[in-house]
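Student: I get lost when I try to take in everything at once. Please pick a part and walk me through a close look at it.

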Amino acid sequence: MSIGRRQFIRAGGAAGGAALLAMPAITRAQSSTIRIGLMTVKTGPLASGGIDMERALVMYLKERNYMLAGRKVELFVGDSAGVPATARTKLQELVEKNKIHVMIGPLDAGSALAVDDYIRAQSLPTLSVAAAEDMTQRKPNPWFVRGTSTSSQCSHAMADYCTKTLKWKRMALIADDIAYGHEMLAGFQRVFEENGGRIVQKFFSPLAVPDYGTYLAQLKTNIDGIFLGFAGSNGFRYLRQFNEYGLSSKVAVVGGMTALDESVLRNMGDEALGILTACWYSAELANPLNKAFAANFRSEFKYDPGFYAAATYVEGAVLETALKSVDGRIEDKVAFMKALRATKAFTVRGPVAFDDHGNVVGDVFIRKVERKEGRLVNTVQYTYPSVSQFWTYPPAEFLKNPVYSRDYPPARNLEP
Amino acid sequence: MTSARRSIAIGVLLLVAALVPLVAGDYYVNLLSQMMIAALLAASLNLLVGYAGLTSLGHASFLGVAAYSSAWLNLHSGLGPLASAPLALLGTLLVAAVFGWIALRASGLGFLMLTLALSQVLWGLAYRWVGVTEGDNGLRGLTRPQPLGLDLDSAAAFYWMALLVVTIALGLIALLVRSPFGAALRGTRDQPRRMSALGYDVWLIRWLTFVMAGFWAGVAGVLYIWYHQYIHPSSLSLQASAEVLLAVIAGGAGTLAGPVVGAVVVVFLKNFVSSYVERWNMLLGIVFLLIVLFLPEGLVPGVKRLLTRLRSGALRP
Amino acid sequence: MFAQLGNANFVVIQTLNSLALGGLLFLLAAGFSLIFGLMRIANLTHGSLFMLGAYLGVTLLSLGVPNLWLAALLAGLATALMGGLFERLVLRRLPGNSQGQVLVTLGVSFIVADLCLMLWGGDPIPIATPAFLRAPLQVAGFVFPTYRLAVIVLAVIVGIGLHALIERTRLGAMIRAGVDDPQMARAVGIPVSRLFTVVFCLGAGIAGAGGVIGGPILSAYAGLDADMLPLALIVVILGGVGSLVGAFVGSFIIGFIYTFGTALLPDLAYVILFLPMIIVIAFRPTGLFGRMSA
């Protein structure tokens, strides 16, 4: 870590000596260094994804000897513990103390929304991982680009695949009872029903649910399949209990972009085999960049990179491309931000571009869980090229509707 | 310490505190602002935990109610952040009155559980009543007030405002504790039966204390929402309530300075040390463990005891 | 809204679900209730011991311990040992200091949570269901996970065992005396101090073993501790502190409220467990079966 000398002296006076004891040694920051802030989660229940975010970004920077566009870069990491108020505090630290030029992160929607107005006030270029829809839709943040996806960007594609390729007509949906789950299911429902399908059951389970038995007992078995919109360990537990109830032989399962992430598959068994999910990434992607990345990541950490690792690796590539196009002059924020949004890069996820709202337009993959060399992987079955957050709808029309939520679009085909 | 010396010490401390933004960077000023908000919240809980002997595990609720209602009014009623504040505090008072009425049906672990349960119900509401709270997206797009045309957007201006408000609030809490009411309150903690026999309405004293504790937590909540300009259900979670309770106990419940010191230590560990120590959660736990092992009455009374022993030891070698 | 109650399959399966969840909750809460009943310590590390048990189970099974039951026993012994050390070295110094107890038990739960994150990582880890209980039971058109039935049976066995221990043995007689009147117990020569350690070990051990038994349903994951602790508190408060029967009945009541409540009133899912508890305590501060006020 490094702090300018003047700032250090001022700070020392401030803390009256108490804080001083905890100060690490000072190194003088070089004026030519680009300072990147990573806002992630390293403690608490969300830590698994957050640690992968840091590992992959460090890997990206190491591979380039901490040089991007001819300038030395330095990485500062903030741990929000997944608590939005802490994320705001940590971002203030990154901005005010570490003087970062650009932020990558945060991981969760709550944290991203908590720092939204601070990002605007500070004019801080941000490469987000969090999926909150409206940050690139009805309330777009001009300092924001998102190289991952919105909550519904991949579930639109999954719904299309279910109706057109699998020819499914009746489905049930379940997700965590949080905005991410609401948005993902809403997008799925809209496309599925507009393609002629019917959503006959829709469940939202509270975050801290130890037992899904009560939801499994309600699940209809006269449906074509169920879509899982979970994140983190909840999808893992749901699926294991689903199997426990003998439902796997009766109801087919498909999932959203985090439900069967590589990080979940690490500890999964055969019950996951054959499940289809839609995501903008798979460790199995065959492009040369990803082949190298996945192999390196696996050899260093002994497991496949998943959603969160790929997220920061992609954002790293977007950042580098934009920096190159402005010859590394990140200090000119307006020009740099313009360059970020104009970025067209080939990354581990494939080609990446951005729409007018700063959200990525990129490929979405339908993946199938298979066993390969003894471990479970997400094999790519089908590719939806250049998917926008607006799916196939004209953006202006899409934005006239309310944001996706628990109640929008209304579920008209639910059966008692 | 004599009261004159104490007043001088407090005066010097305040003067030093007021000068901090002239020398410190924004980050440190903001850190101190957060410490003050946490200190006020802890001091308000201390009324219950320390002086009434009622351990509440749901105190973040009141911070949350004030912050949410202030934010909602700010966004939907056309009232500015300043005009929203009294209404938000009134709402907090009402919630505290009802919660106190329910929770005080029990004491001990039952009281702790009722406060926990009530706060969990509020937390559930914050998550699920999306029409009002926006669920886990939280309420944002808020502004800081501009009292008398002063712009509180800068770190220093906000800090001075918070210093003023928190100093007044802590002063009033100190007055309350030293008043006859405060003496009666301590009586209900130590000798509830005797107080009853003496004609005191123990229930009423506890209830009034509960409501006042809620009110001051509400003031902390208004400062909180002005500071963060954002509110999320996690701010009134069980973890948030546990954190403020731990700050009170670690610092020394039932002393005026204890909760302030405890809150400062917790915020310092959580927001500052966490940038250097990856396992800061473990460190926080170890700090609590060490406090319990070596200063079981809390930091402030414990250190005082050690100092006294040191002094008397020096007198009699 | 309540149309589902006319559906036989729904009612039967949800009833079994309620019983299974209740059984699991009893394995979680029994130890908490024992400790609180005798020592008046609200052991807020209880959720952490449950989680630690689950993680230890994971490791034991991966090290070649042949079956889940043995793993549960070993994990239970390990957490019992840790609980005993904690009681001897720390809690022992804090008799009657309930605030110090809150501080230290929460502090230790922070340490355990972070330690588990460090040792086992943040990803959820499954615990395999014993092979002979893996296939769901199918009877008369109803399908239900066999393992959950086993959990119900196990909870009943543990309940009866503990009941017998407390009502029929010398140790139990001493515990009962200690619960009813610790000073009197001390006066008649019961080694209350040693008794405290034994009971704390027992409570911690049941929690750890419960974590392993719950493993095939819940898995081991970061946050399991925070998910389980409020449940243990709710059960014990609702049933009445210090009453094993209360903890037993309370577990099953909560099982039913949670399972049917979330299904029939999904909008109340977030508060479904807390509302009934508030009502019960507000009108009956001793809980349903408690002999003393919480």
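Tutor: Let's begin with a word we'll need: a residue is buried if 20 or more other C-beta atoms lie within 10 Å of its own, exposed if 12 or fewer, and partly exposed in between, with C-beta atoms placed from the backbone. This is a predicted model, where local features need pLDDT of at least 70 and side-chain atom pairs count only at pLDDT 80 or more, while totals for chains, interfaces and linings use all residues. Residues are numbered from 1 along each chain as its sequence is written, and chains are lettered from A and ligands numbered from 1 in the order in which they are written.

Of the 294 residues of chain C, 61% count as buried. Its C-alpha trace spans about 60 × 50 × 35 Å along the principal axes.

Now for the helix pair in chain B. Helices are DSSP runs of H or I with at least four residues, strands are runs of E with at least two, and both are numbered from the N terminus. The axes of α2(B) and α10(B), residues 202–228, come within 8 Å and cross at roughly 170°. Those axes are lines fitted to C-alpha atoms, for helices over the stretch in contact, with angles running from 0 to 180 degrees between N-to-C directions. Angles under 35 degrees count as roughly parallel, over 145 as roughly antiparallel, 65 to 115 as roughly perpendicular and the rest as oblique. The two helices α2(B) and α10(B) are therefore roughly antiparallel.

Who meets whom? Residues are in contact if their C-beta atoms, placed from the backbone, lie within 7 Å. On the α2(B) side you'll find, among others, I37(B), L41(B) and L48(B), and the α10(B) residues they meet as a group include F210(B), W216(B) and Y227(B). Sorted by class, this contact has 17 nonpolar, four polar and no charged residues. Ala, Val, Leu, Ile, Met, Phe, Trp, Tyr, Cys and Pro count as nonpolar, Asp, Glu, Lys and Arg as charged, and the others, Gly among them, as polar.

Next, follow the chain into the loop between α10 and α11 (238–251) of chain B, where Q229(B) sits. Its phi is near 55°, a positive value in a residue other than glycine. Q229(B) is buried, with 23 other C-beta atoms within 10 Å.

Finally, chain B touches chain A, in a contact that takes 31 residues from chain B and 33 residues from chain A. On the chain B side, α2(B) gives the most, with five residues.

Methods. Two residues are in contact if their C-beta atoms, placed from the backbone, lie within 7 Å.
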